[in-house]
Amino acid sequence: MGLEKEKSETSVIMDEDEFNRSIEPILGKKPKVYSEVLDRDPKDINLHLKIGFEDIIAEPISTHSFDRVWIGSHAVFELVKYVFYRILTTFLAIPMAFIAGIVFGILSCIHIWVVMPMIQGCMMTLPSTHVIWTSLMDMFIGPFFFSIGRCLSSINVKTVQN
């Protein structure tokens, strides 16, 4: 045809909900193939243990090993760390969890049934103990030191330099 100087625009106006409804039968819903990894340290208790290869082995700019050696050592470090962690947790996790459960169960029981009642008992007797202690101080210790202060107040000390 010839030279066309006019530009034609074509657009479809469709809101997002209508678009999603129209394309849903085409795509279909696929189930998730993988499950999301749960954060097993949500309170960052072991933040100091998040150590990488660069935190342990670092080469300054002036001294570098061969690239393949660096990559290989990095791979070996990560692999050995991963494998040994898995092996050790396989053998130690259940016994250590059992021991920790016993220890914390005993500590909780002692704290709830022994320590807190003793502390509450002390807190209940403290006001009366305070009254008795204050009375003893006012009756015996206060007058005693007041008398000693009166007796020693008449002493004058003069220093003479030769």
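Predicted model: local features only at pLDDT ≥ 70, side-chain atom pairs only at ≥ 80, totals over all residues.
Q: Buried means under 20% relative accessible area, exposed over 50% and partly exposed in between, with a 1.4 Å probe and protein chains only. So what makes Phe53 buried?
A: Its relative accessible area is 1%, so Phe53 counts as buried. Residues are numbered from 1 along each chain as its sequence is written, and side-chain values use heavy atoms, leaving out hydrogens and water.

Q: How many aromatic pairs turn up in the whole structure?
A: Three. Rings of Phe, Tyr and Trp (its six-membered ring) pair if their centres lie within 6.5 Å; planes under 30 degrees apart are stacked, over 60 edge-to-face, the rest tilted.

Q: Why is the pair of Phe53 and Trp70 called edge-to-face?
A: The centres sit 5.0 Å apart, and the planes make 65 degrees, so edge-to-face it is.

Q: What does that pair tie together?
A: Phe53 lies in helix H2 (residues 53–56) and Trp70 in helix H3 (residues 67–152), so the pair joins parts 17 residues apart in sequence. Helices here are DSSP runs (H or I, at least four residues), numbered from the N terminus.

Q: Why is Trp70 called partly exposed?
A: Because its relative accessibility is 24%, which falls in the in-between class.

Q: Which residues do ring pairs link into a cluster?
A: Phe53, Trp70 and Phe77.

Definitions and conventions:
Helix = DSSP H or I, 4+ residues; strand = E, 2+ residues; numbered from the N terminus.
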